[in-house]
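Please read the following report alongside the sequence and the three-dimensional view. It takes up a few helices, strands and side chains in turn.

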Amino acid sequence: MSWDRDPRTLRRPARSALIAASMTAMSLTASGCVVVHGEREILPSTTRAEAAKALQEFTTAYNEADKAYDGSLDADHTTGALADIDSARLKAGKANNPGGNPNHTPLKLTDAKFTIPKKAGWPRWFLVDAAGNKGGTARWLLVFTRSGLDDPFQVAYLTLVAPGKVPEFKQDADGWAESVPADETGLAAGPQTLSQDYSTYLKNGGDTFADGSHTSQWRALREKNAKKPGMATQYIDEPLTNGDYAPLALRTKDGGALVFFTTRHYEKQTAYAGTSVPAPNKDVLALTTGEIKQSLTMEFVSNEVALDPPKGADQQVTILGRIQGMTSAEGS
């Protein structure tokens with residue numbers, strides 16, 4: 001596929017590690033757990049009390065940002081894919097509603113279950129599985145991560161999963177979970193390659209992923225959109241695997257893993273001669289540069305959570321949830 005302009009020029013740089021390092025710290029030492037060699041010792045990523053505090057602080061900041069449509073209010077509490085999606089959403093909201101969100105309803109998370117892996121090295125991270133007052137009966141899965149003792153916990157992944165679909169995790173006698181390394185080879189698809197595997201699947205299909213709304217049905221919808229009269233629609237999918245976009249995985253009770261990963265997607269709509277691209281909504285326009293004459297290229301960041309079975313289990317990878325947001329667009 002060849003476009004007149006390489007959509008990679010639309011990328012926004014990832015958040016600087018220096019910015020994250022300057023944020024208010026929540027360290028293990030605050031509760032008396034002294035880490036001498038955190039990069040080598042196998043330790044719980046945090047305490048349960050600190051995990052609960054991080055969730056409370058995130059929810060408060062998220063609600064303040066949503067109410068004011070002000071991304072600076074929760075910037076210290078998000079990173080990676082969620083930061084890209086959330087900051088773009090707030091930017092568009094502010095452009096169209098300078099006075100704030102007229103439809104703001106505070107997010108309330110209850111019945112929170114904390115899964116904290118015991119691991120060596122960074123990042124330290126943990127998973128929250130909670131019920132929310134938005135999204136129907138879906139469970140909210142939030143992955144909090146930090147890259148050093150002087151960094152705060154920030155949410156890198158936020159996905160919604162149907163009730164009953166969150167697997168049981170492997171835990172030791174003290175209730176600590178097991179983090180699966182990115183280069184794990186005992187799974188149907190390695191966490192490090194899952195982003196690339198998914199990007200390849202969206203383009204070419206294959207048998208790595210089970211059928212569902214985020215796989216076979218999404219591919220079918222794209223094929224349908226590509227055939228709309230008067231307009232050509234092209235797609236490019238790319239993996240995101242480094243830094244704040246690195247995959248994170250927890251060992252499940254059956255020996256598989258629950259994997260969180262990120263992808264980037266581009267959609268280019270080009271109108272045939274004598275016609276024009278349908279006018280996008282005001283939120284898209286708020287994130288668009290250039291004049292939309294005959295084409296519109298939109299960039300999206302998507303974070304996924306997948307159930308990755310053990311190798312040899314004769315099962316496919318299942319995408320349990322996916323949240324996607326447009327981060328920028330360009331007209332030409």
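## Packing of helix α3

The buried residues of α3 pack against α2 (48–68), β6 (154–161), β10 (257–271), α6 (282–286), β12 and β13, where contact means heavy atoms within 4.5 Å and buried means under 20% relative accessible area, exposed over 50% and partly exposed in between, with a 1.4 Å probe and protein chains only. Those buried residues are Gly-80, Ala-81, Leu-82, Ala-83, Asp-84, Ile-85, Asp-86, Ala-88, Leu-90, Ala-92 and Gly-93. Helices (H or I, at least four residues) and strands (E, at least two) are DSSP runs, numbered from the N terminus.

The 17 residues of helix α3 (residues 80–96) should span 24 Å at 1.5 Å a residue, and the end C-alpha atoms are 25 Å apart, which agrees; the expected span is 1.5 Å times one less than the number of residues.

## Basis of the model

This is a predicted model, in which local features need pLDDT of at least 70 and side-chain atom pairs count only at pLDDT 80 or more, while totals for chains, interfaces and linings use all residues. Residues are numbered from 1 along each chain as its sequence is written, and side-chain values use heavy atoms, with hydrogens and water left out.

The secondary structure of the chain comes to six helices and 13 strands, and buried residues make up 50% of its 332 residues. Among contacts between residues at least 6 apart in sequence, 70% join residues at least 24 apart.

## Helix α2

Helix α2 has 21 residues and reaches 31 Å from its first C-alpha to its last, close to the 30 Å expected at 1.5 Å a residue. Its buried residues are Glu-50, Ala-51, Ala-54, Leu-55, Phe-58, Thr-59, Ala-61, Tyr-62, Asn-63, Ala-65 and Asp-66, and these pack against α3, β2, β4, β5 (139–146) and β6. Just after α2, Tyr-69 takes a positive phi of about 50 degrees.

## Strand β13 and its partners

Of the 14 residues of strand β13 (residues 318–331), 11 are buried, so the strand is largely enclosed by the rest of the structure. Two strands are taken to pair if DSSP finds at least two bridges between them. Strand β12 (residues 295–308) pairs with β13 in the antiparallel sense over 12 bridges, and within this pairing Phe-300 stands opposite Met-326 in β13. Strand β11 (residues 288–289) pairs with β13 in the parallel sense over two bridges, with Thr-289 opposite Glu-330 in β13.

## Aromatic rings and charges

The structure holds nine aromatic pairs, where rings of Phe, Tyr and Trp (its six-membered ring) pair if their centres lie within 6.5 Å, and planes under 30 degrees apart count as stacked, over 60 as edge-to-face and the rest as tilted. The rings of Phe-58 and Tyr-62 have their centres 5.6 Å apart and their planes at 35 degrees, so the pair is tilted. Both residues lie in helix α2, four residues apart, about one turn of the helix; Phe-58 is buried at 1% relative accessibility, and Tyr-62 is buried with a relative accessible area of 14%. The rings of Phe-114 and Phe-126 have their centres 6.5 Å apart and their planes at 50 degrees, so this pair is tilted. Phe-114 lies in strand β2 (residues 109–115) and Phe-126 in strand β4 (residues 124–132), so the pair ties together parts that are 12 residues apart in sequence. Phe-114 is partly exposed, with a relative accessible area of 27%, whereas Phe-126 is buried, with 0%.

Ring pairs link Phe-58, Tyr-62, Phe-114, Phe-126, Phe-144 and Phe-153 into a cluster. A charge sits over a ring if NZ of Lys or CZ of Arg is within 6 Å of the ring centre and within 35 degrees of the ring normal: Arg-48 lies over the face of Trp-176, at 4.1 Å from the ring centre, and Arg-219 lies over the face of Tyr-201, at 5.7 Å from the ring centre.

## Two threonines

Thr-252 lies in the loop between β9 (248–251) and β10 and counts as buried at 3% relative accessibility. Not counting residues up to four places away in sequence, Thr-252 touches Pro-167, Glu-168, Phe-169, Lys-170, Ala-257, Leu-258 and Leu-307.

Thr-270 lies in strand β10 and counts as partly exposed at 25% relative accessibility. The C-alpha atoms of Thr-270 and Gln-234, 36 residues apart along the chain, are separated by 8.4 Å.
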